[in-house]
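Hi everyone, thanks for coming.

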Amino acid sequence: MIEILAIPPLATVQDLGRDGHWFQGLGRAGAMDSLAHRAANLLLGNDEDAATLEIPLTPAKFRFHGRQAFALAGAPCGARLDGRALPRVWAGMAEDGQVLDLGGMSDGARVYLALRGGIDVPEILGSRSTQLREAFGGLEGRVLAPGDRLVPLGNETPLLPGHGLSLGLPPLRREGDGAITLRALPSTEHDDFSPAAQQAFWSTPYTVTPQSNRQGYRLDGVELTRAEIGELRSHGIVPGIVQVPGGGQPIVQLADSATMGGYPKIAAVIAPDLWRIGQARPGDQLRFERVDLAEAEKADRESDRLFAYWKRDIAALVRQLGSWT
Amino acid sequence: MTDPSSHWPRLDDLVLDGALVRFGDRVDDAANRAAVAYAEAVRAEALPGVEEVAIGPVSVLVRIDPLAPERAGTLARLRDLLAARDWPSAAPPPGRRLWTVPASFEGDDAPQLAEAAALAGCSVAEAIAALTAEPLRVLSLGFAPGQPYLGTLPEAWNLPRQAGLTPQVPAGAITVAVRQIVLFANPSPTGWRQVGRCAFRLYRPGGEDPFPLRPGDLVRFEPVSPAALAEAEARPDGGAVCEAAP
């Protein structure tokens, strides 16, 4: 069991989200950085979908009760276990009474804490994710607070080397680029925007404003005007959709977005890049790079390949460890 | 983007989001009947690559994995299915239900009723009668879990949304615009005007039937006093009762 000693205001239990109820008006929820969430789980031998703790903008502090395996992945935050510095992505053992300290984040916005077998919270409508607006799922449908205790579902100890296990996450930004590049496809109303607006959207950076949370990020940059103004009917929206309300500043819809919206959609960030938004913080710059379906498909395959490599490398290591014992 | 010579129904390939099938460009019961029946038929086909079938007031969005190899075949089947029947004359979905929901249209429960009645060109009493006389169809669910868009109200209720947003209406708020009522599942900001309130809970995450309303169901509001509504809050489903729809 792990006890929360200190935690930022919006930490929640999340898995890969609640699929299949979009048609009934229930959004997906789920980890904002699904890549880091998966990495933390795989390192512990968990299912990729096991529930982890999503911690936005540390510091945070935990105490372990009983010897326990755990994993961390996501934004670099100078994690220390009883004073011993841990790598940014790490799985290992904590002893009874040890304190895990997550310091301030130097870059990125979220870090994921995984326990063996996943965090034990009830599965509701096929998922353990917290639906914050609807106040169910996760731990009592709410954000976590000091004094809360999280229990792992698994009780066996995974095979881990004494110094722990790590793996490399892809870089958040391209080398030498200050902005975070997001690959995106043009969406339904893209061509209704003026040529100048289209040009600006695909070439100039947009800044993440403080009005940004798990529902969506409001961005600030060159104003996007539509050439054709007409009343739009409400339509379905999904995470990654970039909508442009009347003011001309885009909003990226994210994990906790509503399922319907009435604003024109200029673009959709491709699924393999959604994790990058989850690691963007207010003040960061986002740049949208236009891709076509073939490139989106290639990106999908590449991200599948990355997970396959992770699994292969971890399995190889565990086999090796097993042969030593 | 809309072709003025187009006729209904029509299917648009949205590429990324799948296929949008529209049965009209304005909200009416026949187009909604068509949407509900077509969506049911698409679900029954279990076509490869289809991720979700969502019913809008007069449309069906079939989400298809844009990278699924069967995408083209699925799209062709959707077109064939659309042409195969006269969807607006389809029978109502089997097992649809009529919900009678106690609602207050007085005082704090109806902060914008007088304003909405004036826009609709009638008295407050006439407005309450217009909103409660006939059962309304659940046209679609969306925006929040189990949250219904109900219609279709008479033409006089083709009210625009407010220019500004109401910062927050409560869960259970009954709001009007564009010949529809939205019944709010959660406290929410909105551009729709609040004309009443009920205590019906639109989702029960732990329950057996987590989303009680389904597109095609009927909902009739039964006007009650604020005191009677307060009493209804303690009852299951906020006093709403359900029977097989005629």
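Let's start with a pair of side chains: Glu48(A) and Lys311(A) meet in a salt bridge, with 2.7 Å from N to O. By salt bridge I mean a side-chain nitrogen of Lys or Arg within 4 Å of a carboxyl oxygen of Asp or Glu. Glu48(A) sits in the loop between helix H1 (34–43) and strand S3 (52–56) of chain A, and Lys311(A) is in helix H4 of chain A, so the pair ties together parts that are 263 residues apart in sequence. Helices (H or I, at least four residues) and strands (E, at least two) are DSSP runs here, numbered from the N terminus.

Is Glu48(A) buried or exposed? Glu48(A) counts as buried, at 18% relative accessibility, while Lys311(A) counts as partly exposed, at 40%. The cut-offs are under 20% relative accessible area for buried, over 50% for exposed, and partly exposed in between, using a 1.4 Å probe and protein chains only.

Before I go on, some housekeeping. This is a predicted model, where local features need pLDDT of at least 70 and side-chain atom pairs count only at pLDDT 80 or more, while totals for chains, interfaces and linings use all residues. Residues are numbered from 1 along each chain as its sequence is written, chains are lettered from A and ligands numbered from 1 in the order in which they are written, and side-chain values use heavy atoms, with hydrogens and water left out.

Back to chain A. Arg174(A) forms a salt bridge with Glu289(A), and their closest N and O atoms are 2.9 Å apart. This pair also links distant parts of the chain: Arg174(A) is in the loop between strand S11 (149–150) and strand S12 (180–186) of chain A, Glu289(A) is in strand S20 (residues 285–290) of chain A, and they are 115 residues apart. Arg174(A) is partly exposed, with a relative accessible area of 40%, and Glu289(A) is partly exposed too, with 29%.

Now look at Asp177(A), which forms a salt bridge with Arg287(A), the closest N and O atoms being 3.2 Å apart. Asp177(A) is in the loop between S11 and S12 of chain A and Arg287(A) is in strand S20 of chain A, 110 residues apart. Asp177(A) is partly exposed at 22%, as is Arg287(A) at 26%.

There is a network as well: salt bridges link Glu54(A), Arg110(A), Arg214(A) and Asp256(A). Over all chains, the structure holds 39 salt bridges.

What we do find between chain A and chain B is 3 residue pairs in polar contact, both residues at pLDDT 80 or more. A polar contact is a pair of N or O atoms within 3.5 Å; within protein, one must be able to donate a hydrogen and the other to accept it, and residues adjacent in sequence count only if both atoms are side-chain atoms.

On the side of chain A that touches chain B, strand S19 (265–269) and helix H4 (293–324) of chain A each supply at least two residues. The largest share comes from H4(A), with 4 residues. By type, that side of chain A divides into 13 nonpolar, 8 polar and 9 charged residues. Here Ala, Val, Leu, Ile, Met, Phe, Trp, Tyr, Cys and Pro count as nonpolar, Asp, Glu, Lys and Arg as charged, and the others, Gly among them, as polar.

Over to chain B. In helix H4 (residues 124–132) of chain B, the residues Ala127(B), Ile128(B), Leu131(B) and Thr132(B) are buried. Why are they on the same side of H4(B)? Because they cover an arc of only 115° around the axis, the arc being that of the directions from the helix axis to the C-beta atoms.

Finally, some backbone details. A cis peptide bond joins Thr58(A) and Pro59(A), with omega about 20°, and Pro59(A) is found in the loop between S3 and strand S4 (60–64) of chain A. Another cis peptide bond joins Gly151(B) and Thr152(B), with omega about 0°. Val178(B) is not a glycine, yet has a positive phi of about 35°, and Arg179(B), also not a glycine, has a positive phi of about 60°. Arg179(B) lies in the loop between S9 and S10 of chain B. Happy to take questions!
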